[in-house]
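Here's a quick tour of how some strands pair up. Have a look at the model first, then read on.

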Amino acid sequence: MAMKLDDSVFVAPLDQLANWVRKHSLWPMPFATACCGIELMATASSRYDISRFGAEAMRFTPRQCDVMIVAGRVVMKMVPVMQRIWLQMPEPKWCISMGACASSGGVFDTYAVVQGIDRFIPVDVYVPGCPPRPEQLIRAVLDLQEKVQKTGTINGREFAKRTKYEGPAPLADELGAAELVVAPGNYASGKRSRGLPIVSNN
Amino acid sequence: MPTAVEYCSSLLGSPVPISEFKGNIRLVIPAEKIYAVLSGLKSSVGYDMLCDLAGIDYLNYPEATDRYAVLYSLTNTSTGERVFLKTFVNDPEPELPSVVALWEGANWMEREVFDMFGITFTGHPDLRRILMPDAFVGHPLRKDYPLRGYGERHNFPTLTRAES
Amino acid sequence: MPLELLDPAADTSLDSEYLYTLNFGPQHPATHTTLRLVLTLDGETIVKAVPDIGYLHSGFEKLGEDLDFNQYVTVVDRMNYISPVANEIAWVHSVEKLLGIDITPRCKYIRTILAELGRISDHLLCVAAASLDLGGLTTFFYAFNEREKVYDIIESASGQRFHPSYCRVGGMMNDITPDVVQKIRDFVRDFGKAQADIARLLNKNKIFIERTKGVGVLTREEAINRSVSGPVARASGLLRDLRKDEPYLAYGELQSSFKVVASKGGDCLSRYLVRMGEMAESIKIIAAAVENIPGGAMNIDVNEKTNIPSKQETYRTIEGLIQHFELFMWNRRFETPINEVYGANETANGELGFYVVSDGTGKPFRARTRPPSFIHFALFPHLMEGHQISDVPAILGSLNIIAAELDR
């Protein structure tokens, strides 16, 4: 094939090409619950302007998004909602846990706040801070871009290997049978636990 | 117009116990008289706004004799005066008359006290849990409920990458 | 799909043939944060609106019982997170009332300025978000530009731009520098123009006016009946402003520099206009206060044994060192009266009060918050009756519901 390629044409593996395209148009799903949501707004607005990194197209429907930014603490009542939204996002998808509360519970070590969303959904990038400065969130987007570029594949093969639970040790399993309490929501059966028998409540 | 203290004393037929601290006047009203007192204060004394309605659990409080208190904070919007009425209720079935008929604003506040302390308000139009999930067991702001709960917050299934 | 979201609005009394239920939230752009509405619709008209809250209930009040008075400042910050400093000021106001502390004049002025900056940043976000929901994105960018300046001032004063944890019982974390004063002066000078820009975008905007005028009307009687306070009450003609009625901080001395903004309309447009007017008044307060900041110490004297001594005092003086240990050792802490007190501040959203019960130890026995957002959101079903579904964002935006304050 003796065709001479123009200078503006270059050859690359399809995976890399897809990654290159994907990483510069990450559409975030702002799952903004609390304070970090305001910093997320600040990141999107004029001074910090996340659109410089191609991530300004915030879509509030999970079906159009690539990256879920969980901004703020997630409490018991919100966990099933968060999981449902995560499931509704199409592949390939990533998750940024923004702020101390989403990553670890932060200052809210109370009965209602889950101690890190990574116990319930997979997380790719953690952003420290309470709340993180907009620069930190932009750094997280850049880190995620790097991750996409390095590990991504056009058909999402990289996710196939990640079958195991990646978060910290699930605390619910560590509780003994006597301490078992009624679950606020049963994800597997799709039922609220209104009628479940209560083993012990004190 | 009588002051709140005079009015309550005349309604109860005996001097009402008063405690005053830093300008806050607190009156202790028996639970069975609370509705009559509040309704009288609203109609005859001019305390037209229910500023706040809060529950307090006095378990292990120094010199406390009763378990729960419900605090009604009233404001007179024309003079700006405030008065705090406190009424005590006890286990096993803490119960008070609802004041939603007097102030619509009490609706959610009573629901919150019910949710957090388990005090029922008879006559409330819609007494459900408001902040905690419906299926939740226990009342978190009671003093015998631990700060970190009984592990409810961890009791959710985990999603892995393969499942999602 | 898993998870069956139960419908608390399930009401068989309505003729169900024509009605359908729409689940609005908990994750929806117009709710800004996490709250859920279950709307029963007849076509586009809302027959019934049932709010479902608690999606951000984080146990603030329980946490308050576990932390001491100074530690809880950090947590209170996160309550109304669009004007964090105002929450701190309200909290330490109650604690100082309980402990009988009279703060220094300088501290009063600094807190007044910060509280007013908080009010401006709160109202800016409220106006911006309300207009964003009604389709005006530009206001959002204009408002955030100004909010960044407020953040800059708070960052130069305290070191953190968002949640500064700047207040301490009996004073502030540190004194302000001349640089901060200059930044505040610059902000005061430039804010009028920025506000005029926002007003030009919205005040005569046909879409904005038509979607807010006459929508969600709250009468004065209903406002009193439903315990409403703050701008929402003043927009309904209930002239109640704690800055005038129960002057605290330096508001007593600054009485002549500001007026109470109110309106008789009671609709979403009135609430917007009241907020815009309050921002202009706040700027006047700041302008008057920043030129009159008294000199002298920021914190009360260390010998009064109630404030955290500065690092300088801790390391250089024996009184400071003793005082530091007294406040930070678990078995010492504050000496408090066995009593209870209610202190309230006029924050941007309304009357933010703390009812502090103390059992004589260093921690509050009960730290009840009177949250304005909670009380204002209870209005929602009442305001929503008979309106159309497109009015939901207009009314929500005008009430300025902050989920962390709503659920605590």
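## Ground rules

Two strands count as paired if DSSP finds at least two bridges between them. Strands themselves are DSSP runs (E, at least two residues), numbered from the N terminus.

This is a predicted model, where local features need pLDDT of at least 70, side-chain atom pairs count only at pLDDT 80 or more, and totals for chains, interfaces and linings use all residues. Residues are numbered from 1 along each chain as its sequence is written, while chains are lettered from A and ligands numbered from 1 in the order in which they are written.

Start with β1(B), residues 18-21, and β2(B), residues 24-28: they run antiparallel and share 4 bridges. B:Ile18 sits opposite B:Leu27 of β2(B). The two strands make a hairpin with 2 residues between them, and B:Lys22 in that turn has a positive phi of about 50°.

β2(B) also pairs with β5(B), residues 82-89, this time in the parallel sense over 3 bridges. There, B:Arg26 has B:Phe84 of β5(B) as its bridge partner.

## Chain C: an open sheet

Over in chain C, 3 strands build an open sheet in the order β1-β2-β3, with antiparallel pairing. Which strands are at the edges? They're β1(C), residues 19-24, and β3(C), residues 45-52, each pairing on one side only. From one strand to the next, the twist averages 20° (axes are lines fitted to C-alpha atoms, and angles run from 0 to 180 degrees between N-to-C directions).

β2(C), residues 36-42, pairs with β3(C) over 7 antiparallel bridges. Within that pairing, C:Val38 faces C:Val50 of β3(C).
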